[in-house]
Amino acid sequence: MNALANNLFTPRVIYFGIAIVLTLISGALLSFLGRPLNSLVFTVHKLSAVAAIILIGLSARNLLKMGDVHLLYLVVTALAGLFLLILVVSGAMLSFDRPVPQMPLKIHQILPVLALAASTLSIYLFAASRS
């Protein structure tokens, strides 16, 4: 295996991938099941999303400590963090037991794809910078 592959398949990256997949699957299941929200699926969704945010944050912090950080990595990681933060806020708005405006719902339906793309690119750039 080459150095890039070794950096891409670290436990932290694998856990991040698992957390993202759990978040996406549980989110789709929540949408399918409708209201009232299933407590178990909702809890898995929230915890896996928080785990993904923490893991990408730790990876960003570790790279910043190493120094010699490329501007592209900083921009992509900041975008991923912003997208994930917006998803947390829109998800909180959707979790209340009252009618939800269409804007948070649309944001929460579209932004996961952008967050996933930015997070994946961020992890790839992190791994590439270490190889």
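Which residues of the largest nonpolar core touch the most other members? The core has 15 residues, and the ones touching the most other members are Phe16, Ala52, Ile56, Phe83, Leu84, Leu87 and Ala115. By nonpolar core I mean a set of buried Ala, Val, Leu, Ile, Met, Phe, Trp, Tyr and Cys residues joined through side-chain atoms within 4.5 Å. Buried is under 20% relative accessible area, exposed is over 50%, and partly exposed is in between, with a 1.4 Å probe and protein chains only. Helices α2, α3, α4 (71-95) and α5 (102-130) each supply at least two residues of this core. Apart from it lies another core, of six residues, including Ala60, Leu63, Val76 and Leu125.

Ground rules next. This is a predicted model, so local features need pLDDT of at least 70 and side-chain atom pairs need pLDDT 80 or more, while totals for chains, interfaces and linings use all residues. Residues are numbered from 1 along each chain as its sequence is written, and side-chain values use heavy atoms, leaving out hydrogens and water.

Now the overall picture. The protein chain has five helices and zero strands. Helices here are DSSP runs of H or I, at least four residues; strands are runs of E, at least two; numbering starts at the N terminus. The C-alpha trace spans about 50 × 25 × 20 Å along its principal axes. Of the 131 residues, 29% count as buried. Accessible surface comes to about 8200 Å², and 74% of that belongs to carbon and sulfur atoms. Those areas come from the Shrake-Rupley method with a 1.4 Å probe; for residues, only the protein chains shown count as cover. Contact means heavy atoms within 4.5 Å. Among contacts between residues at least 6 apart in sequence, 68% join residues at least 24 apart.

Back inside. Phe16 is in contact with Ala52, Leu55, Ile56, Ser119 and Ile123, leaving aside neighbours within four places in sequence. Phe83 lies in helix α4. Its relative accessible area is 16%, so Phe83 is buried. Helix α4 has other buried residues, among them Tyr73, Val76, Thr77, Ala80 and Ser90. And its length? The 25 residues of α4 should span 36 Å at 1.5 Å a residue, and the end C-alpha atoms are 36 Å apart, which agrees. The expected span is 1.5 Å times one less than the number of residues.

Thr23 sits in helix α2. Thr23 is buried because its relative accessible area is 14%. Not counting residues up to four places away, Thr23 touches His45, Ser48 and Ala49.

Then the loop. Pro36 is found between α2 and α3. The peptide bond from Arg35 to Pro36 is cis, with omega near -5 degrees.

In soluble globular proteins, nonpolar side chains tend to be buried together. Here, a nonpolar surface patch of about 700 Å² is made by Phe9, Ile14, Tyr15, Ile18, Leu22, Leu40 and Val44. The elements giving two or more residues to this patch are α2 (11-33) and α3 (39-66). Helix α2 gives the most, with four residues. A patch takes residues with over 30% relative accessible area and no salt bridge; like charges are joined within 9 Å, nonpolar side chains (Val, Leu, Ile, Met, Phe, Trp, Tyr) within 5 Å. A salt bridge is a side-chain nitrogen of Lys or Arg within 4 Å of a carboxyl oxygen of Asp or Glu. Tyr15 is exposed, since its relative accessible area is 52%.
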